[in-house]
Number of protein chains: 2
Amino acid sequence: MAVTRRTSRDIRSESRLDVMHALLSAGAASRGELARATGLSTATVATVVSDLLSGGIVTEAGLTNGRVGRPTTTLRLNGDRGRIVGIDVAETYIRAVVFDAALDELASAEVAVDEHHGEADYVVARLARALEDALERAGAARDDVLGVGVSLPGGTQRPAEVSVVVPNAAWRHLDRLRERIGLPVVVDNPLKAIATAELWSGEGRRHSSMITLNLGTGVGAGIVLEGAILRGARNFAGEWGHSLLALDGRRCRCGRAGCVEAYVGAAGIQRTLAGIAPEHPLASEPMQREFIGALASALARPSPDPAVTETLERTARYLGAAIADLVAIVDPEMITLTGWTVWALGDHLVPAVRRRVVEEAPGDAAAELAIEVSTVRGNPVATGIATIALERFLGDMGLLTSRVPTAL
Amino acid sequence: MAVTRRTSRDIRSESRLDVMHALLSAGAASRGELARATGLSTATVATVVSDLLSGGIVTEAGLTNGRVGRPTTTLRLNGDRGRIVGIDVAETYIRAVVFDAALDELASAEVAVDEHHGEADYVVARLARALEDALERAGAARDDVLGVGVSLPGGTQRPAEVSVVVPNAAWRHLDRLRERIGLPVVVDNPLKAIATAELWSGEGRRHSSMITLNLGTGVGAGIVLEGAILRGARNFAGEWGHSLLALDGRRCRCGRAGCVEAYVGAAGIQRTLAGIAPEHPLASEPMQREFIGALASALARPSPDPAVTETLERTARYLGAAIADLVAIVDPEMITLTGWTVWALGDHLVPAVRRRVVEEAPGDAAAELAIEVSTVRGNPVATGIATIALERFLGDMGLLTSRVPTAL
DNA sequence: AACCATTTATCTATGGGTTAGATTTAATGT
DNA sequence: ACATTAAATCTAACCCATAGATAAATGGTT
């Protein structure tokens, strides 16, 4: 596949996206403010806004009188345009979140999933249940739904549809999923979702390059370059969790040895602790999220358990080295961190990781690198996959061209 | 730094580049052929060609009569437009290559450099010597030179200018270099150079993503995405040689432990052999290029030395694992290999590496990945850095806009 | 020798994009 | 009432690409 050609239509498409992003992050803005925020001329903003107004994507939300002069009409994304659902299918739970068309969260629902019970029909049924619960709580009718985004772990790609790093039979049968949902569905993987969330609701558009790391059961990277998500030739880019940290190191659940995930995934952190203090009570905690939570509380105590402190130190070192590899290869302007490990351990982990990255990165590459906890609120996977569904919808409306490279 | 805005001028700039690339790879072509090759309309090609004709970049090289009909005017890049010099500054030598404006090689000169004699004045003097020798051999006057490209190892970046992975005092003083040469100079690092060469003279433009690996004393990756070189926030992207292969592994000359370069750089391969057979005569060969050459001859024998075979196997494994990391993170459509290690060992190494990458890459990510020896002839670093100088010249002429993001 | 068919290159009209600057609109202040 | 001010829109100019008409140049045909 050769390089894609850009046409002047794509420029308009990008201008529309820029205006929508500016509006999303500002909440409400006048045309003039949008022009200043996007760098476009007021004339262009006016025509773009009129496109979006006639598509019902934005609304005029009243006039505000300034000191003197013509009053400014305030613009907002039109939440009432419809509903978008984002569904985060994780290893142990499925969470469905309903958003309005301005990407404000309305309601959510979560169902537990038995990790060892992975048949397609079972998972699809649980997913449908989460979707219906969430819609009911949001008071949304099926007709209101503009699109449903589903994030599945593992690489999603055409034509094989889903190629899994961690095998799970359910994802080979997307047709059943579509049939059962009966609404416009887009499927992608969590890394592309968090990157999209960062691009619309976070830092992605303020920097020419950014990587967002998802740390939980699995770990991975969402890579954003020049305002676009790096998907790679097979939509596989960002599987940093399965890049090598240690040759012939710990066995990873993907089958390979020495993957980053085997060290800084939640189970990997537990293994680190078990290596330091095999008899430690936390080392045998069966639930990953409980384990991470307990680790956080242990660290918060006045004089923490040395084994716990050492676990954090080593994890910071592993993570620092793995992030340094990303710096060496991609050299991003900033890195954001997300995922439930970060929500729980961030206060202790992030400062240590910052120090480690500077040490481990080649030369002074990381000297000016910003490493921050993501500013995206809520579940970024659900937010991101819903955003991808919204992008797909906008593309179907003819408002977007090039920027809808969703996987499926 | 935010995302850069694209304007319609950039589209024309890309069209001009596309036409020039098509012309470079075809050697000679009619306007119609260029239209077919680029996917542009004949009208656009005609206007672009007339721009390039009036800039003297292309020439009409005679008419050819077909069977019937109006004869086709053949177009070529105008080599007589001037001369471009590419200078590859390596650890042990400096090579200057003179090209005509159609990027055909005219002459070259090489001077040896004492690795331990790294003062700025010394290196600059050697470089100037190589440049003058090459110009003389090419019969080129200084006035003919449109630009000089200098490739320096290590990251080159603003504002610190050159930030070295492997320290060398000389590169802190680019002003002296510029003063001594007295011609338009661009400086960049070898990874960006090989990527540029791949983009103009190789496979880069036929694929939406491509990585070219340089294997020699140092190792690194040139990353090409959507027809553009990935430079990163500090022009540091592609320093894959200093990403981690083995935590706490072999000490690397960059100071870190376990870098890819410490395993698959020429010195690393020798260390692998020394680990297998400490008394092996090749293990104490003092010159790296001699060592690699001797390894290649040993492998070509009917029944090769088992230590040598084992060295190749392990190197393939290291390289396969390191490439698998690139696949996991970037997921390119193809990978090309270059550098003198590849020229010498490619026949034995590449097939083994291909197998290893498929095994080591997560899931079936590498199943369709093409791994080939680069088709760029000659010294790709010199070719690439000369091409960057040509791009800079075209930019100064007003023929190119966005695509001249050279470092210095 | 005049004319037709054929192939290549250019010209023209159309449509999409952006923008600076003029103009209109709608408030406040005197 | 009228000037002032600020926001939004309109207008004209200038980019870009393309389809389709037109012109150019030749070999073959009558």
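Predicted model: local features only at pLDDT ≥ 70, side-chain atom pairs only at ≥ 80, totals over all residues.
**Chains A and B: their interface and their aromatic pairs**

Student: What is the area buried between chain B and chain A?

Tutor: Carbon and sulfur atoms give 53% of this area. In chain B, the residues that lose the most area to chain A are B:Arg5, B:Arg234 and B:Ile329, which together make up 15% of what that side buries. The whole area buried between the two chains is about 5100 Å².

Student: How many salt bridges are counted between chain B and chain A?

Tutor: A salt bridge joins a side-chain nitrogen of Lys or Arg to a carboxyl oxygen of Asp or Glu within 4 Å. The side chains of B:Glu360 and A:Arg256 meet in this way, at 3.2 Å from N to O. Between chain B and chain A the count of salt bridges is eight.

Student: Why does the pair of A:Tyr263 and A:Tyr318 tie together parts that are apart in sequence, and how many residues apart are they?

Tutor: The two rings form an edge-to-face pair, 5.0 Å centre to centre with 65 degrees between the planes. A:Tyr263 lies in helix H7 (residues 261-264) of chain A, whereas A:Tyr318 lies in helix H10 (residues 306-329) of chain A, so the parts that the pair ties together are apart in sequence by 55 residues.

Student: Are A:Tyr263 and A:Tyr318 buried or exposed?

Tutor: A residue counts as buried under 20% relative accessible area. A:Tyr263 has 6% and is therefore buried, and A:Tyr318, at 10% relative accessibility, likewise counts as buried.

Student: What kind of aromatic pair do B:Tyr263 and B:Tyr318 form?

Tutor: B:Tyr263 is buried, with a relative accessible area of 7%, and B:Tyr318 is buried at 10%. Planes over 60 degrees apart count as edge-to-face. The ring centres of B:Tyr263 and B:Tyr318 are 5.0 Å apart and their planes are at 70 degrees, so the pair is edge-to-face.

Key: Residues numbered from 1 in each chain as written. Chains lettered and ligands numbered in written order. Heavy atoms only, no water. Buried area = accessible area lost by both parts, 1.4 Å probe. Phe/Tyr/Trp six-rings, centres within 6.5 Å; stacked < 30°, edge-to-face > 60°. Helix = DSSP H or I, 4+ residues; strand = E, 2+ residues; numbered from the N terminus. Buried < 20%, exposed > 50% of the residue type's maximum accessible area, 1.4 Å probe, protein only.
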